[in-house]
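Colleague: Could you walk me through this model while I look at it? I'd like to start at the ligand.

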Amino acid sequence: MGIIKDDVLNKYNNFISELKKEIEELEHKPNQELKEKINNVKKKVELIKSEFLKGIVSQLLRELSKTEPSNKKEFGQEINKFKEIIENDIRKITQKIEKKERELKYRFNFDLSIKFLPDTPGKLHILTIVQKNLMNVFAELGFEIIDGIEIEDEYHNFEALNIPADHPARDMWDTFYFSGGILRTHTSNMQIRILKTRKPPIKAISLGKCYRRDNMDATHSFQFHQLEGFSIDEKINFLDLVRTLYKFVHKYFGPNTKVNFVPSYFPFTEPSAEMSISCFYCSGQKNDCSVCKGSGWIEILGCGMINPIVLKNVDIDPEKFSGFAFGMGIERIAMLKYKIPDIRMFYQNYVEFNQLWR
Ligand code: PHE
């Protein structure tokens, strides 16, 4: 006769074999019931822990301390073996349950059939709509629209724009490199491409996809769109830049929108500025405004006077000509204008999202 009473062993064995039966039955349960049953089994596992592992085993250990020294070793081993059996059972059951939970979580329960949207004609993507509207505004302001290229070389994306190979600003514009070149990080490459074949006076915009080494989150994407604009002629000055952007803002965001310029830095413009517009939602009246975060101002683009070094790189005499340039993220403009909270929404192809915009 050992230290563990038969009725205790029987009780445990019965409990476990009942539980094992329950687990086997899980195979045939529909989703909803399965969840409930899994929870039941989990509760029982907790019961084993508290009643048998903690309760009975510690009770036995207490008894062990009172037994004859000659029995201690044998009884001790018996208790340990029982404890191991319980722990083993708990481990096996937990593994099974976790597997079931995983299956439940990843079980295919969505409709793979094509959803027909009756009477809903196809329409333009919101990014296309925004690009078209921006093009119209700049066309009205006398800008030519020139197509761009996305696959670039380092020279046109960086060096010609006064960003040498070891310049720290390269980090900010890091991109995808491959044997044939790089993916452009901004539309500024088009300043160089266009100015290599055309001479001033010139006033043009170019828009399209750009790429950066960014992880996706609500405001970043490794692929996005930009609009670049520039104007070069004799005697172009900063006021021309301000005046042009003012007109753009009034036409696109509304006639009451104010603009604000703060100094900034871009290797390809000198001086450089960041332009903000007054919040067209709350005009700075709401502390909890989701668009301007209560500041009243929203940063929308980078700009500046084209750096004479850049002009020289494209064989334009900076003594004779000067120019301004600006660049903006099209997703950012669209998110602000249409209160779209997450950049990823543009690329997820949800028909419902795409149908929202006219
Ligand atoms: N290329 C800059 C960017 O991607 C924007 C910019 C364009 C700034 C033109 C100044 C002039 O951040």
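Colleague: Which atom of the ligand is 3.0 Å from an N or O atom in the side chain of His186?

Modeller: That is a nitrogen atom of the ligand, 3.0 Å from an N or O atom in the His186 side chain, and a nitrogen atom of the ligand also lies 2.9 Å from an N or O atom in the side chain of Ser188. For Trp173, an oxygen atom of the ligand is 3.4 Å from a side-chain N or O atom. A polar contact here is a pair of N or O atoms within 3.5 Å; within protein, one must be able to donate a hydrogen and the other to accept it, and residues adjacent in sequence count only if both atoms are side-chain atoms.

Colleague: How much of the ligand's accessible area does the protein cover?

Modeller: The protein covers 93% of the 330 Å² that the ligand has on its own, with areas from the Shrake-Rupley method and a 1.4 Å probe, where for residues only the protein chains shown count as cover.

Colleague: And what should I keep in mind about the source?

Modeller: This is a predicted model, in which local features need pLDDT of at least 70 and side-chain atom pairs count only at pLDDT 80 or more, while totals for chains, interfaces and linings use all residues. Residues are numbered from 1 along each chain as its sequence is written, and side-chain values use heavy atoms, with hydrogens and water left out.

Colleague: Now His225: buried or exposed?

Modeller: His225 is buried, at a relative accessible area of 10%; buried means under 20%, exposed over 50%, and partly exposed in between, with a 1.4 Å probe and protein chains only. His225 sits in strand β6, residues 223-233, where helices (H or I, at least four residues) and strands (E, at least two) are DSSP runs numbered from the N terminus.

Colleague: Which side chain joins His225 in a polar contact?

Modeller: The side chain of Glu331 does, at 2.8 Å.

Colleague: What is the strand order in the sheet of 7 strands?

Modeller: The order is β1-β5-β6-β10-β9-β8-β7, in an open sheet with mixed pairing; two strands pair if DSSP finds at least two bridges between them. The edges are β1 (144-145) and β7 (259-266), and each has a single partner strand, so one side of each is left without a neighbour in the sheet. Strand β5 (residues 202-211) pairs with β6 in the antiparallel sense over 10 bridges, with Tyr211 opposite Gln223 in β6.

Colleague: Where are the cis peptide bonds, then?

Modeller: One joins Pro200 and Pro201, with omega about 5 degrees, and Pro201 lies in the loop between α7 (189-197) and β5. Another runs from Glu270 to Pro271, with omega near 0 degrees, and Pro271 is placed in strand β8, residues 269-278.

Colleague: What about phi at Asp315 and Asn349?

Modeller: Asp315 has a positive phi of about 60 degrees although it is not a glycine, and Asn349 likewise has a positive phi of about 60 degrees without being a glycine. Most residues other than glycine have a negative phi, and most peptide bonds are trans. Asp315 is in the loop between α9 (308-313) and β10 (322-329) and counts as exposed at 68% relative accessibility. Asn349 is in the loop between α10 (330-338) and α11 (351-354), and is exposed with a relative accessible area of 58%.
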